[in-house]
Amino acid sequence: MNHAQLRRAAIMVAAAAAGVAVLAACGDDAAGGGAGRRPAGSASPDASAAALSSRPFTVTHIGGPTTIVTIAGSRILLDPTFDPPKTYKSGLVKTQGPAIGIDRIGKIDAVLLSHDQHDDNLDDSGRKLLKDIPVVLSTPGAHRRLGAHVTGLRSWDSYKLRTGSTTITVTAVPALHGPDGVDRGADGEVTGFVLSGAGVPTTYISGDNASVKVAKKAGERIKKDIGPIDTAILFAGAARTPAILNNAPLTLTSEKAAIVAKDLDPRKVVPVHTDSWNIYSQKMPTLVRAFADQGLSDRLAVPGAGGTAENLR
């Protein structure tokens, strides 16, 4: 058994000891790897909400979209990118390494991957890491490209993530990787997510969405079917590349991120996806100003530098 296999075995043993499991549900698996899907908002209250509410709720920003969310006793990793600075065959350039290396991130219960097609959301190191994570949730296309270890969720499919005594319902929500009205086909297939459940702060994760309209409609359904949104993690940065859609923004601009925040009306907003790559045309100071212009500065929780955890309580 080689080093990678030993590492994977150790992680899986640890996950089993911690009680990590997926609850299977009936349903059509046409999306690929669909076991575990349930209707949105059907989280089982299998742990005391009062006890869960006392657990840490933090975000640790690693770079670009890559963020660890510690919620209801679980540690969930968004869009893993851990390469050092480099240039990719796609033309993307990583300008800054991760604030925390893979060797320091600790135990991860699940990865939520908005999409796998672009290096700034899943780089070479991130691809290797996926094989060591018990649960990886993404798009149906990611399931086809990356293999059976990735569960592909269509919009509004849900998946039960059980860690110890806690069940978190992860629901896929629509996202549009470009301007309204544009269909980019397989290259533009992306998803957002919502975390919910008994004692779980309802958390919206936009993924690489550029559309205010899409986010607003998703928010309306979340509020109707699940409940008020406690926290929104928004992928911003106004990502652009001249080769796609005449340099149109492929993720939220700072101004649109502020509008989405106003529409979703969360208690806290965590902005990510504004640094470490050459395609982000707007940085964090621009976003901070946009939120101030909308009178939302008090809701903004800018992640700490250097991989420090930001408390969202």
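Good morning. A salt bridge here is a side-chain nitrogen of Lys or Arg within 4 Å of a carboxyl oxygen of Asp or Glu. Lys86 belongs to strand β6 (residues 86-87) and Asp124 to helix α3 (residues 124-130), so the pair ties together parts that are 38 residues apart in sequence. Side chains of opposite charge can pair when their charged atoms come close. The structure holds eleven salt bridges.

The model is a predicted one, in which local features need pLDDT of at least 70, side-chain atom pairs count only at pLDDT 80 or more, and totals for chains, interfaces and linings use all residues. Residues are numbered from 1 along each chain as its sequence is written, and side-chain values use heavy atoms, with hydrogens and water left out.

The term pLDDT denotes the predictor's confidence in each residue, from 0 to 100. For the protein chain the average is 87, and 83% of the residues score at least 70. Over residues 1-47, however, pLDDT stays under 50.

Let us turn to the helices. Helices (H or I, at least four residues) and strands (E, at least two) are DSSP runs, numbered from the N terminus.

How do α5 and α6 pack? Helix α5 (residues 212-225) meets α6 at an angle of about 20°, and their axes are 9 Å apart. The two are therefore roughly parallel to each other, a word used for angles under 35 degrees, with over 145 being roughly antiparallel, 65 to 115 roughly perpendicular and the rest oblique. Contact means heavy atoms within 4.5 Å. On the α5 side, Val212, Ala215, Lys216, Gly219 and Lys223 take part, and on the α6 side Lys256, Ile259, Val260, Asp263 and Leu264. By class, these are five nonpolar, one polar and four charged residues.

Helix α6 (residues 254-264) also packs with helix α7 (residues 284-293), at an angle of about 45° and with the axes 8 Å apart. That makes α6 oblique to α7. From α6, the contact draws on Ser254, Glu255, Ala257, Ala258 and Ala261; from α7, on Thr286, Leu287, Ala290 and Phe291. Six residues of this contact are nonpolar, two polar and one charged.

Thank you for your attention.

Methods:
Axes fitted to C-alpha atoms, helices over the stretch in contact; angles between N-to-C directions. Nonpolar A, V, L, I, M, F, W, Y, C, P; charged D, E, K, R; others polar.
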